[in-house]
Amino acid sequence: MVILGAGGREFHNFNVVYRDDPRYHVVAFTAAQIPFIEGRVYPPSLSGPLYPEGIPIVGEGDLAGLLSLGGVDEVVFAYSDVPHEHVMHLASLALASGADFRLLGPGSTELSSGLPVVAVGAVRTGAGKSTITRKVVRLLKEGGRRPVVLRHPMAYGDLERQAVQRFASLADLEGAECTVEEREEYEPHLKAGVVVYSGVDWERILGLAEREGDVLVWDGGNNDLPFLRPDLFLVAVDCLRGGHVSRYHPGEASVRRADVLILTKADLVPEEELARLEAVLRDLNPRAPVLRARLRLQVEPPGELRGKRVVVVEDGPSVTHGELGEGAGARAAREAGAELVDPRPFARGSLAEAYARYPWMGPVLPAMGYSTSQLEEVREAIEGAPADAVVLGTPADLGSLLDLKKPVYRVSYELDEEEPGLSRHLWERLGR
């Protein structure tokens, strides 16, 4: 077998389905979407006694070569936020070699908890899923509950060290040498006083997290399906990308499986477009109620951007493989009266490669910080652009990681429902 991944679900699927089953032998994982995650080994401490040497992780581009050698009976697809067509191209490659192609479903991969589980997912990266997660956590705390956040893995570093990760303070992020993408997800929860778990070995993680709270909140990174069986599954649908609801994997499955659908950025599209989108959603999932919401933006410090020329740094995955182009930072800067300076002419190295690979990106910088060299490339592009200030549209405190000479403004965004309904659905499922 070969398991196709992107530094997350592939390891979970292996751990819970294949690791201890001698009927299967995984010859390799492949890696996509995220830079610098191939060329490693899934270590023996995680792969188990059937794999004393561990399992190699190679680039997805090496899949054809692996299949050409023969002996691969099955290829398992195990990552997310990709077009259906992309999945089927890989399926066709597997089938042409004579191998089976497989997708594991929730029945095979979801873990059961003794605590209530609220899971938050989305159709696409950049839909505002994290704002829903934060609101759920606030509602739970206001209702006297002790939520613990379990964040979809971002296994970009030392996999053995990342088997089980617990974050309770910003200092813990430093100790774990977290990437910018990890910081974007963890920092807001830590600042709100909520413990976050992540990592690779989810059976161990679940046991530890259950000791710390009375409700588990699954934060589904990269729009993956939950690793835990949810009592309530909330799914964000980005109104600016409404046409994506039935074109991406596993976004369409999430829409069909959702208990509640939340239309984010509903204030940014015309009413007739919203009505068409709601009709599509009703067709895909007639049992799920649909809520409308907007993302409320705030710039700190306020009131100082009018007339300034600014470089905008956005959440990396949203504007790269998420195909958003630009995000909350650009919108907030324009609404505040600032002029965006195009940073693309000042990009070099992997940053320049990202612009070539994702041509839909607008005049913004993706917050790519998977390595020290990438952080330096972002810093150099910021300093090279003829701008008065920097606007950070990423939740991570990127300004503290870079020695910037320009003034820094941060954009925060929170979920505002058009008509309150999230709280009602939450407590209906969980009970008071």
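Me: Buried means under 20% relative accessible area, exposed over 50%, and partly exposed in between, with a 1.4 Å probe and protein chains only. With that settled, what makes β12 count as largely enclosed?

Reply: First, a word on the model: it is predicted, so local features need pLDDT of at least 70 and side-chain atom pairs count only at pLDDT 80 or more, while totals for chains, interfaces and linings use all residues. Residues are numbered from 1 along each chain as its sequence is written, and side-chain values use heavy atoms, leaving out hydrogens and water. Now to β12: five of its five residues are buried, so the strand is largely enclosed by the rest of the structure. Val215, Val217 and Asp219 point one way and Leu216 and Trp218 the other, and all are buried. In a regular strand the side chains alternate between the two faces of the sheet.

Me: How do you know that β12 is a strand, and which strands pair with it?

Reply: Strands are DSSP runs of E with at least two residues, helices are runs of H or I with at least four, and both are numbered from the N terminus. Strand β12 covers residues 215–219. Two strands pair if DSSP finds at least two bridges between them. Five bridges join β9 to β12 in parallel, and four join β8 (residues 117–122) to β12, also in parallel. Both counts meet the criterion, so both are pairings. Arginine 151 stands opposite aspartate 219, proline 147 opposite valine 215, and valine 118 opposite valine 217.

Me: What makes β9 and β11 a pair?

Reply: β9 (residues 147–151) and β11 (residues 196–199) share two bridges in the parallel sense, and two is enough for the criterion. Leucine 150 stands opposite tyrosine 197 in β11. Strand β9 has five of its five residues buried, so it too is largely enclosed by the rest of the structure. Pro147, Val149 and Arg151 cover one side, and Val148 and Leu150 the other.

Me: Why is α6 called oblique to α17?

Reply: Helices α6 (residues 129–142) and α17 (residues 422–430) pack at an angle of about 60 degrees, with axes 11 Å apart. Angles under 35 degrees count as roughly parallel, over 145 as roughly antiparallel, 65 to 115 as roughly perpendicular, and the rest as oblique. The value of about 60 degrees falls among the rest, so α6 is oblique to α17. Here the contact (heavy atoms within 4.5 Å) is made by Lys135, Val136, Leu139 and Leu140 of α6 and Leu422, Ser423, Leu426, Trp427 and Leu430 of α17. By class, that gives seven nonpolar, one polar and one charged residues.

Key
Axes are lines fitted to C-alpha atoms, for helices over the stretch in contact, and angles run from 0 to 180 degrees between N-to-C directions. Ala, Val, Leu, Ile, Met, Phe, Trp, Tyr, Cys and Pro count as nonpolar, Asp, Glu, Lys and Arg as charged, and the others, Gly among them, as polar.
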